[in-house]
Amino acid sequence: MVLSRNLQVIHAIERCYNLLVYAPSRKPGPSINKVFTDLVHTCTVQCTQQDATEILANPVIERILHSLRALCAEGEFLLEVYWAERLIESPRLQDFPNFRNYDLLVKLEANCLRGVGAKLGKLVFVGSGPLPLTSLLFSTHIEDAVVNIDRSSEAICLSRALTKALGEQDKIQFWQGDAMQYPDYGNADVVILAALVGSTPKEKEAMLRRISSTMRQGAHLMVRSTHRLRTILYAPAQDIFMDDLDPLVEVHPTNEVINSIIVFQKRKD
């Protein structure tokens with residue numbers, strides 16, 4: 001019997017999930033790298049919204065989705081740790097396998113911010129991780145410093161060491177702790193929320209409410225989200241309505257860039 005395309009996709013996702021669950025480690029290596037590559041390829045193939053809705057509503061996908069996202073988050077963290085350590089010894093960012101994806105995403109984000117008239121001055125990046133590639137790439141687009149926020153002391157330690165190895169320590173600053181407690185959102189022109197911040201849409205909304213409550217009027221808040229099958233990789237930021245935020249633009253790439261972009265502005269009185 002020939003399976004429908006949607007069932008083939010469901011089986012491919014379930015297969016990747018089982019391989020990740022039973023792997024002795026999610027650290028980078030030939031077998032793990034192939035599983036994540038296969039999963040990303042499956043989740044970024046062109047499909048209609050109707051097909052994506054059908055696949056996401058399948059009981060198999062519903063059962064594994066939260067756990068699969070957690071495995072993806074773990075794998076991404078371990079990948080960044082591995083490459084941060086390598087790049088500290090040999091600081092050539094282009095050697096990172098996903099460099100092109102980040103480069104395309106940051107260029108798209110910078111153009112979106114320019115398109116809505118955002119001031120590209122001081123930028124705060126929430127959830128910067130061990131490999132601060134977004135911040136390093138954004139530093140070429142802005143006038144002031146980029147502040148990296150991460151709750152992981154390991155992530156901050158590695159990213160600080162890599163920034164120093166690259167000679168970019170004057171452009172990048174660091175704050176380690178719970179982003180809910182960061183005291184200086186009010187001085188940022190742009191705040192960016194990383195895709196891994198918040199494992200559910202509800203958690204993302206809670207973070208956005210906390211950040212927006214202390215942002216200055218007219219500042220911009222940009223959220224990395226996902227759409228269609230890409231929501232299997234990262235929880236989406238969806239149906240966010242806040243009294244103090246005006247949604248300005250929403251972009252859903254269909255090329256190799258995984259993340260969607262949503263830009264808000266803090267409402268002016």
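Colleague: Is Arg-216 buried, exposed or partly exposed, and what makes it so?

Modeller: One note before that: the model is predicted. Arg-216 has a relative accessible area of 32%. Buried means under 20%, and exposed means over 50%. The value lies in between, so Arg-216 is partly exposed.

Colleague: What makes Asp-189 and Arg-216 a salt bridge?

Modeller: Their side chains meet at 2.5 Å, N to O. The cut-off is 4 Å, so the pair counts as a salt bridge.

Colleague: Why say that this pair ties parts of the chain together?

Modeller: Asp-189 sits in the loop between strand E3 (172-176) and strand E4 (190-193). Arg-216 sits in the loop between helix H8 (201-214) and E5. The parts are 27 residues apart in sequence, so the pair ties them together.

Colleague: Is Asp-189 buried or exposed, and how do you know?

Modeller: Its relative accessible area is 7%. The limit for buried is under 20%, so Asp-189 is buried.

Colleague: How many salt bridges does the structure hold?

Modeller: Twelve. One of them joins Asp-38 and Lys-34, with the closest N and O atoms 2.8 Å apart. Another joins Lys-107 and Asp-103, at 3.2 Å between the closest N and O atoms.

Colleague: Why are Asp-38 and Lys-34 separated by about one helical turn?

Modeller: Because they are four residues apart in helix H2. Lys-107 and Asp-103 are also four residues apart, in helix H5 (residues 99-115), and that is about one turn of the helix.

Colleague: What makes Asp-38 partly exposed?

Modeller: Its relative accessible area is 23%. Buried needs a value under 20%, and exposed one over 50%, so Asp-38 falls in between. Lys-107, at 42%, is partly exposed too.

Colleague: Which residues line the largest cavity?

Modeller: Among them are Cys-43, Thr-44, His-227, Arg-228 and Pro-253. The cavity holds about 90 Å³ of space. Its lining divides into five nonpolar, four polar and two charged residues.

Colleague: Is Thr-44 buried or exposed, and why?

Modeller: Thr-44 has a relative accessible area of 18%. That is under 20%, so Thr-44 is buried. This residue is found in helix H2 (residues 30-44). Its side chain reaches the backbone oxygen of Val-40 at 2.7 Å.

Colleague: What is the phi of Arg-228?

Modeller: Near 50 degrees, a positive value in a residue other than glycine. Arg-228 lies in the loop between strand E5 (220-225) and strand E6 (245-251).

Definitions and conventions: Residues are numbered from 1 along each chain as its sequence is written. This is a predicted model: local features need pLDDT of at least 70, side-chain atom pairs count only at pLDDT 80 or more; totals for chains, interfaces and linings use all residues. Side-chain values use heavy atoms; hydrogens and water are left out. On a 1 Å grid over the protein atoms alone, a cavity is a set of points where a 1.4 Å probe fits but cannot get out, and a pocket is an open set with protein on both sides within 12 Å along at least five of seven lines; lining residues have an atom within 4 Å of a point. Grid points are joined across faces, edges and corners, and a volume is the space filled by probe spheres set on the points. Ala, Val, Leu, Ile, Met, Phe, Trp, Tyr, Cys and Pro count as nonpolar, Asp, Glu, Lys and Arg as charged, and the others, Gly among them, as polar. Helices (H or I, at least four residues) and strands (E, at least two) are DSSP runs, numbered from the N terminus. Buried means under 20% relative accessible area, exposed over 50%, partly exposed in between (1.4 Å probe, protein chains only). A polar contact is a pair of N or O atoms within 3.5 Å; within protein, one must be able to donate a hydrogen and the other to accept it, and residues adjacent in sequence count only if both atoms are side-chain atoms.
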